[in-house]
Each structure stands twice: as C-alpha cells, then as structure tokens.
Amino acid sequence: DFIGFYAAPTLNSIKRLSGTVETAYNVFFGSRDEANTCMEALMDMNEERKERVESTYAEMCRQPSKYAPFLHIVETTPGLCGLLAQKVRDRSGYPSVVVVKTDKGYRGSGRSPEWYPFLTNANGHPGWEAAGHEGAFGISFDNESALEAFVAFIKADVEKKKPDPEMLEKQPDFVISINLLKLKKKSKNY
C-alpha cells in the first residue's frame, strides 16, 4: 500500500513538475536525514501537483473551448496535460487531448477510452503525431491549423466508431457470484 498509494504518486510528481531525480534517489539511498527531507519534498510536490491539476481543470471548465471535449489548450506545466486529459475523458467519455503552446507548436498528452484505440485510429496525419499507448499518449501539433484539422478529423471519426450506448455501460471488473449475473439481467443497479 505504501508504494502504490504514497511513494509511487510522489515519485511520479517529479516528472510532472520538473523535479530532480536526485530527490527520489535520496529517499532510497541517502542517509536517514536525507531520506526524510527528500520524502517530505516529494510529498509537498505531490500536493502541489494535485492542487495545480484541480485548479487548472476548474479553469478549463469555466472557460469553454471551441475544440471541447476533444482538445483543450491550457497554460500549465506540460507534465500535467495527461492528468487533465484523463479528467476530461472521464467526464465526456470521448478521446481527449490537452496541450500547451510552445515555441515548436503545441505539445501535450491525451487519453482515449478503450473503445477508441487512439494510435491506430488517429495517428499518422500531417501536422500531428502521437506516441505511447492506445489509451494514454503524448501528442504534438505543428501549428493551430493542425489543431483544427485534428478536431475536425476526431469529431467525424469518433461519430463513426462510437459504440452503442448500452456497450458503454459500466461493467464490474470481476464477478464473485453467478447470482450477480442474474441480478444484472433484472436490474441495472448491481
């Protein structure tokens, strides 16, 4: 539990907030005092990450995007884009990309639902490129024209490929008893 719920999220905050690997290294290999100081620094960084994600997401919700729900342009640390895209995808159920403007175009991350393998469906177009996993990926756009082309493409492609609403109903991860299967047929509240 400690590694999964405490240490791993704090270690992940390093890359999201431009921390140093030395801080994480010292948690495990520094002196007791260094380990304690560095773990406190990681915990503080993790709290900052959570606060920044929540405040940026709240701002995204207050200011409508002409590209929503498929694309949002934000002003934040690029490492937070994937966490923000996850929040948008969870709310909308559609593939979502969150980017920041850089001197080399737009860079960020995206999240896609299981029914839409993003790299298979939406990668390889002029002006944008994604890499990573089908459901979680980094993405870059050359310019604003590429953003607009992407949104036009994704809207049309998702419309063609989105599954029946019944297929999108939440399913349990596992069934402990076959009696639950009988209940499911009678009621959607299982």
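This is a predicted model: local features need pLDDT of at least 70, side-chain atom pairs count only at pLDDT 80 or more; totals for chains, interfaces and linings use all residues.
1. Helix α2 (residues 21–29) packs against helix α3 (residues 32–62) at an angle of about 135°, and their axes are 7 Å apart. The two helices are therefore oblique to each other. The crossing in which α2 passes α3 is left-handed.

2. On the α2 side, the contact with α3 is made by Thr 23, Ala 24, Asn 26 and Val 27. On the α3 side, Glu 34, Ala 35, Cys 38, Met 39, Ala 41 and Leu 42 take part.

3. The crossing of α3 and α4 is right-handed.

4. The contact of α3 with α4 draws on Arg 49, Val 53, Glu 54, Thr 56, Tyr 57, Met 60 and Cys 61 of α3. From α4 come Leu 83, Leu 84, Lys 87, Val 88 and Arg 91. In this contact, seven residues are nonpolar, one is polar and four are charged.

5. The count of aromatic pairs in the model comes to 11. In one of them, the ring centres of Phe 70 and Tyr 94 are 5.6 Å apart and the planes stand at 50°, so the pair is tilted.

6. Phe 70 counts as buried because its relative accessibility is 7%, under the 20% cut-off. Tyr 94 has a relative accessible area of 24% and is therefore partly exposed.

7. Tyr 116 and Phe 118 form an edge-to-face aromatic pair, with 6.4 Å from centre to centre and 65° between the planes. Tyr 116 is buried, with a relative accessible area of 0%. Phe 118 likewise counts as buried, at 0% relative accessibility.

8. Both pairs belong to one aromatic cluster, formed by Phe 70, Tyr 94, Trp 115, Tyr 116, Phe 118, Trp 128, Phe 137, Phe 141, Phe 150 and Phe 153.

Note on methods:
Residues are numbered from 1 along each chain as its sequence is written. Side-chain values use heavy atoms; hydrogens and water are left out. Axes are lines fitted to C-alpha atoms, for helices over the stretch in contact, and angles run from 0 to 180 degrees between N-to-C directions. Helices (H or I, at least four residues) and strands (E, at least two) are DSSP runs, numbered from the N terminus. Angles under 35 degrees count as roughly parallel, over 145 as roughly antiparallel, 65 to 115 as roughly perpendicular and the rest as oblique. A crossing is left-handed if the near helix is turned anticlockwise from the far one by less than a right angle, and right-handed if clockwise. Contact means heavy atoms within 4.5 Å. Rings of Phe, Tyr and Trp (its six-membered ring) pair if their centres lie within 6.5 Å; planes under 30 degrees apart count as stacked, over 60 as edge-to-face and the rest as tilted. Buried means under 20% relative accessible area, exposed over 50%, partly exposed in between (1.4 Å probe, protein chains only). Ala, Val, Leu, Ile, Met, Phe, Trp, Tyr, Cys and Pro count as nonpolar, Asp, Glu, Lys and Arg as charged, and the others, Gly among them, as polar.
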